[in-house]
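Colleague: Could you walk me through this structure? I am new to this, so please take it slowly.
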Amino acid sequence: MDYRFLANLVSDTSHCMSFLWIQKKGSKIPRNTVCLHQVGRGPLVPSLSPFALKLETFLRMHKIPYMNDHSGTMSKKGKTPWITYNGKDIADSQMCIEYLKDKRNLRVDDHLSREEKAVARAIRCLTEENLYWTMCYETFVKNPKSLDLLLKDIFSRPKIFVFKNLVGRLVKKELHGHGIGRHSDTEIWSIGKGDLTALSEFLGDKNYMFGDKASDIDCTVFGMLSMAVWQMKGSRHEAYIHQNLPNLVAYCERMKESFWRDWSQRCRGPGYVQDDLKMYSF
């Protein structure tokens, strides 16, 4: 699963940008270099999508050469983010990670026991299949006006209006299909608060989820929590983390310092530097 409400928005606008992608697709992608296709940079976090931030953090963590395509073009599965690697397209952030681990022979979590790897998988499901949907509800159903502030320097006012109304309806439908949208507001927030608390209690006073060394699950958790810590302004998620779960805030700052020294240049703020098709090598 990826940031589907953003994917739907970009699907509606990608026809307007398709000529840009035709030009970009002609650009040569060096062998063994990842081209990361995503929806674009955010104002306070380097992506509008937690799944794109997860994937880009993974690339940085493992020093995999890459470039970004911010055109918003969807994969053949209608999902974003996705990658092109040595001529092959792979969709879904986790499938991208598994594919790269296989093709590049990455032994990334060898420091984890079998039990810890099982727990990491459970944490990923909690984060991406449960907490994520409470964040969708919070943004598009509970507090859609927050999108005016979030997107004001990225989209025009008419596009923001369309985004909130068109994508908001799609999100409500997906929330209902998932099942979480059938609960009351109080019940949905109880789920979100419980998930955030569980992550905080598991992290405890450790530097990363499983100790002093970051692992793949940290990319997942950091990608999702970054949205709540910095980008979901005025949300209950933001308030609860900052007021009650300081170790999650410190954890995000630690991940940011470790893998995103250029954070301010990658956010659509005063220090923003365009990096479309820029080569990152390590």
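Modeller: Let us begin with one pair of residues, keeping in mind that this is a predicted model. Ile83 has Ile90, a residue of strand β4, as its bridge partner.

Colleague: And which residue of β4 is the bridge partner of Thr84?
Modeller: That partner is Asp89. Strand β3, which covers residues 82-85, and β4, which covers residues 88-91, run antiparallel and are joined by four bridges.

Colleague: What sits between those two strands in the hairpin?
Modeller: The hairpin of β3 and β4 has two residues between the strands, and Asn86 takes a positive phi near 50° there.

Colleague: Which way do the side chains of β3 point?
Modeller: Trp82 and Thr84 point one way, whereas Ile83 and Tyr85 point the other way, and all of them are buried.

Colleague: Which way does β1 pair with β3, parallel or antiparallel?
Modeller: Strand β1, residues 34-37, pairs with β3 in the antiparallel sense, and the pairing runs over four bridges. Within this pairing, Leu36 stands opposite Ile83 of β3.

Colleague: How does β1 pair with β2, then?
Modeller: With strand β2, residues 66-69, β1 pairs in the parallel sense, again over four bridges. Val34, for instance, has Tyr66 in β2 as its bridge partner.

Colleague: Are the faces of β1 covered or open?
Modeller: Both faces of β1 are covered, with Val34 and Leu36 buried on one side and Cys35 and His37 buried on the other.

Colleague: Let's zoom out. How many helices and strands does the chain have?
Modeller: The protein chain has ten helices and four strands. Their order along the sequence is α-β-α-β-β-β-α-α-α-α-α-α-α-α. The radius of gyration is 18 Å, close to the 19 Å that the globule rule gives for 282 residues, so the chain is as compact as a globular protein of that length.

Colleague: What does the C-alpha trace span?
Modeller: Along its principal axes, the C-alpha trace of the protein chain spans about 50 × 50 × 35 Å. The accessible surface of the chain comes to about 13,200 Å², and 52% of that surface belongs to carbon and sulfur atoms.

Colleague: How much of the chain counts as buried?
Modeller: Of the 282 residues, 53% count as buried. As for contacts between residues at least 6 apart in sequence, 76% of them join residues at least 24 apart.

Colleague: How far apart are the mean positions of the positive and negative charges?
Modeller: They are 5 Å apart, with 42 positive and 32 negative charges in the protein chain.

Colleague: Now the helices. Is Ser226 buried or exposed?
Modeller: Ser226, which has its place in helix α8, residues 216-231, is buried because its relative accessible area is 0%, and the cut-off for buried is under 20%. Leaving out residues up to four places away in sequence, Ser226 touches Val45, Leu53, Gln231, Cys252 and Trp263.

Colleague: Which residues of α9 are buried?
Modeller: In helix α9, residues 236-244, the buried residues are His237, Glu238, Tyr240 and Ile241. What covers them includes α4, α7, α8 and α10.

Colleague: Last one: where does Leu170 lie?
Modeller: Leu170 lies in helix α6, residues 157-178, and it is partly exposed, with a relative accessible area of 29%. The C-alpha atoms of Leu170 and Ser146 are separated by 18 Å, and these two residues are 24 residues apart along the chain.

Definitions and conventions: Residues numbered from 1 in each chain as written. Predicted model: local features only at pLDDT ≥ 70, side-chain atom pairs only at ≥ 80, totals over all residues. Heavy atoms only, no water. Buried < 20%, exposed > 50% of the residue type's maximum accessible area, 1.4 Å probe, protein only. Pairing = 2+ DSSP bridges. Rg over C-alpha atoms; globule rule 2.2 N^0.38 Å. Contact = heavy atoms within 4.5 Å. Areas by Shrake-Rupley, 256 points an atom, 1.4 Å probe, with all protein chains shown as cover. Lys, Arg positive; Asp, Glu negative; His and termini not counted. Charge placed at Lys NZ, Arg CZ, Asp CG, Glu CD.
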